[in-house]
Amino acid sequence: MAGLEEWAATAVEVFGEIKPLADRLPQDRFEVVVEQHAHHGGAAQRLLDGVSREVGLRQAVDVRSAPEQPPSSFGLAVERRISGLLRDASLLQDWARDAGEAQIGRAAARARDLAPRTVPVRARDGLVLDAFATGDPSRPAVVLVPPCGMPVQLSLGWLRALGQDHFVVTWQSRGLFAPNGPEEGMAGGVADQVGDLLAVMDAFDLPACHVMGLCGGAVIALDAVHRHPERFGSVSLWHGDYDFGADSTKTDHQQDVQALMEMGADSLGKATAYQKLMHRPAALAKIPERVAPLVLYPYATPELFHHYCRLNLAIMTFDITHLLGDVAHPTLVVTSRTDTTAHPAGSHRVARELARAQLVEEPTGDHLSVFDTSIRLTQLAVDFVSAQHSTTPGHR
């Protein structure tokens, strides 16, 4: 039954990834189409029902021979991830018959045991943030600054990889994960988001640490180091989405997203109008299936989208030109030649203008591939952080 054990572990993880988006959707069921439904449908339904119960998915998962509901990008993103669990249907009947629910329960228990510890942290303006920690608190600390608006599940690979030798903490963007949604008028500038980073460090009693920024998180990390140099021993910046004012080199994607953020941030009404367009299945065209439920999360409702635009626009238009000459920390700057989301030229300039930067440009790898946490990339990160601690006496 090793096959079922592995399937159950994967299924619990996939359902954990889809749940943040599913929780925001009004629909009460998802449809999953299974080939040879008459033969495999019952077994597939039993197994998926078991996973749904263990993970606490609000919606029913309806195994069908053909779709019935009108397609929506959000629902399709969820349904395609679930369908991927059923691509090898030949063993489903055996698994469902032979105590499948017991293996699913054990897989869910293991996932809960291995999941990062969730800690509510009050930001300096009173907003409550969802923070997460993994690893031994006595080990050197790393604060991971995630891309704006992304559920923590997108960064789990990094938390696990770094957490083997470090104490790793992170958090989710302010307001976007509150049970009742973002608060109207919520502060959303870069300084506010840097304040969140400091609040998380204080909550975990971290006087100083290594800070790792991913995508827009690189901007937050850089500004935090500039404002509070004594709180950080070293920095790593991965595929950063940088702005240098009128002298910026940006990809078409960056320019398009920035224009979208400007429109959505302007008013809830404009955000609502655009968010309706995101329901079209065509919105999934360029998003890899494995990350679609996570990447689409901040677009799930008009309110989420409006406040996501406010937070992300602040990051995307934050001119970092004046920061770079003042940051003297050892810094690892990583990009790839084939990142068509965040222009590699931005990382090149950051590495050139920082006093103690090491640039690593991977020959291949798109923007989202950094979240696949290949052994090569995680070892690069671990080696850099470890080297800084070995050369910085007394640094936690």
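Welcome to this structure, starting with its largest cavity, whose lining has seven nonpolar, three polar and two charged residues by class. In this classing, Ala, Val, Leu, Ile, Met, Phe, Trp, Tyr, Cys and Pro are nonpolar, Asp, Glu, Lys and Arg are charged, and the others, Gly among them, are polar. The model is predicted, so local features need pLDDT of at least 70 and side-chain atom pairs count only at pLDDT 80 or more, while totals for chains, interfaces and linings use all residues. Residues are numbered from 1 along each chain as its sequence is written, and side-chain values use heavy atoms, with hydrogens and water left out.

**The cavity**

- One cavity of 30 Å³ or more is found in the structure; a cavity is a set of points, on a 1 Å grid over the protein atoms alone, where a 1.4 Å probe fits but cannot get out.
- The largest cavity holds about 100 Å³ of space, a volume being the space filled by probe spheres set on the points, with grid points joined across faces, edges and corners.
- Among the residues lining the largest cavity are Val145, Trp171, Arg174, Asp196 and Ile315; a lining residue has an atom within 4 Å of a point.

**The largest pocket**

- The largest pocket has about 1,100 Å³ of space; a pocket is an open set of points with protein on both sides within 12 Å along at least five of seven lines.
- Its lining is made of 34 residues, and those nearest the centre are His253, Val257, Ile287, Val295 and Tyr299.
- Helix 9 (252-266), helix 10 (268-277) and helix 12 each give two or more residues to this lining; helices (H or I, at least four residues) and strands (E, at least two) are DSSP runs numbered from the N terminus.
- Helix 9 gives the most, with five residues.
- The lining of the largest pocket counts 22 nonpolar, seven polar and five charged residues.

**The second largest pocket**

- About 820 Å³ is the volume of the second largest pocket.
- It is lined by 29 residues, with Gly16, Glu17, Ala115, Gln153 and Leu156 closest to its centre.
- Helix 1 gives the largest share of this lining, nine residues.
- By class, this lining has 15 nonpolar, four polar and 10 charged residues.

**Helix 12**

- Helix 12 is largely enclosed by the rest of the structure, because 13 of its 15 residues are buried (under 20% relative accessible area, with a 1.4 Å probe and protein chains only).

Key:
Buried < 20%, exposed > 50% of the residue type's maximum accessible area, 1.4 Å probe, protein only.
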